[in-house]
Amino acid sequence: MIRQLGNVLPAALLLCSVAALAQESPPNILLLIGDDVGVEQFAPFGIGSSPASTPNLDALAARGMRFSRVWSQAMCSPTRASIIAGRYGFRTGVGSGARGEGIDGPYPDAPAVPSAALTEIDEDLSRDVMPYLARYVADRNLPTVADGLPPDEPTLPAQLKTAPIAYSTSVFGKWHLGSLKNGWLEHPARTGFDHVSVLMKNEPESYFAWWENVNGELEERNGYTPTRKIDDALEWIGSQDDQPWFLWLAFNLAHFPQHIPEVEHLDTAGVDPADSRAALDVMIARLDQNIGRLLAGMDAETRENTIVIFVGDNGTTGVSIDPPFHRERAKFTIYEGGLRVPLIIAGPGIPENRASDALVNTTDIYATILDLAGAERPRSHTLDSVSLLPYFDNPDRPSLRDWVYADAFETGQGIANGLYTVRDDRYKLVRARASTELYDVEADIGETNNLLADGISHAERATVDRLQNIADALHSDAR
């Protein structure tokens, strides 16, 4: 049985045709993670006012399923932890981006950037980040750090070794889950990945010169980070022969530093890298171009037996976000602009060009991948993950989840001094320590109308209490 906050899902529900297909011919599984790209940036979801140019992801959505009501966490490390562990942040302790004194391990100075590199614009933390992060800190005398993923979490790559045919596993790109407490450079391998080639921190030192952690050893590299990731991933895929594989590829695009890379189908001449909105469009277009090159670089047989999952790690940054979301309710916040991310799944056994409005959380990727591989689920920890396989058999089926949850907090302060939110099919409760907000997110996706601003009616009280009870029940069992 699968436990999901009072909902009990019968195991028979998961025995769909995709799972049966996996038993006969285990699919390869390719997980692609975009950085700082919210759902409004992608045309197939029909939410944003000015989506970026993404022909390859548009094509992927046309040959698969897209989920439009997906919540991540508010920042990158917590979402990555939710995917790799299948558990909410308050359980893993990963409530914000891994950072702080005594968190990062030894690291060399940034390598020299080649003179021919494109102009890069760094993030202005005081302008773009600190106004939001200030809400996370209840008491300045408490620690304001964020640990990486604890070493005892039952991780996705480790569980894939329990499949009938054990999966070969690799990770490329951004990591941002390591710390001195969990092994630092050794951490990605300790989570179960056979091959590791990652950037350890929040962003590359430069997109054109960076330190790469290759199986526990740092290598100085230059060129263009996304291009090298695709090169390395294709080389690894080509070495796998007939063994099923799982590849975790976490792009840095479209995270800072902003720059204007070349894109095959766009004229970027004259685009100012300091123009955050324009830079985001170009960087997302280059992300899409890289995904197209990766898929085209596989041989036809491999590509046909590969399930591709594309997801964002959190919403778009405030300086770049589009309506219906607002810059003060973007990445780093638990409003829709900070949590609502794209999710596309395509491959053998997945219905083509279908959309689902089911409630989904990024924790659900965990159970979905394990079920696709026929792997066992761990019994040592409470899972918050709900498999999406039933939607592949019936894309129109009602939501398996009655609600979704997300949170944000500092490791030293915990969820009691952080932020959290719960939503059902229509209403969303937002709790930030002393404040309580309620939104009708189906009618008001931009969350412009706090239903409690003019007092609370009897019906609103009942809704707040119901959603609050869900959160309280969750927090009472933090195992």
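User: Which side chain does the backbone oxygen of aspartate 152 lie 3.5 Å from?

Analyst: In this predicted model, that backbone oxygen lies 3.5 Å from a polar atom in the side chain of histidine 381.

User: Where does histidine 381 lie, and what else is it in contact with?

Analyst: Histidine 381 belongs to the loop between α13 (364-373) and α14 (389-393), and its side chain makes a polar contact of 2.8 Å with the side chain of serine 380. Leaving aside neighbours within four places in sequence, the residues in contact with histidine 381 are Arg87, Asp152, Glu153 and Pro154.

User: Switching to rings, how many aromatic pairs are there?

Analyst: The structure holds 14 aromatic pairs. In the one formed by tryptophan 175 and phenylalanine 193, the ring centres are 6.0 Å apart and the planes stand at 85 degrees, so the pair is edge-to-face. This pair links distant parts of the chain, with tryptophan 175 in the loop between β5 (168-174) and α8 (187-190) and phenylalanine 193 in the loop between α8 and β6 (195-199).

User: How many bridges join β15 to β16?

Analyst: Six bridges join them, and tyrosine 427 stands opposite aspartate 440 in β16.

Notes. Residues numbered from 1 in each chain as written. Predicted model: local features only at pLDDT ≥ 70, side-chain atom pairs only at ≥ 80, totals over all residues. Heavy atoms only, no water. Pairing = 2+ DSSP bridges. Helix = DSSP H or I, 4+ residues; strand = E, 2+ residues; numbered from the N terminus. Polar contact = N/O pair within 3.5 Å; in protein donor to acceptor, adjacent residues only side chain to side chain. Contact = heavy atoms within 4.5 Å. Phe/Tyr/Trp six-rings, centres within 6.5 Å; stacked < 30°, edge-to-face > 60°.
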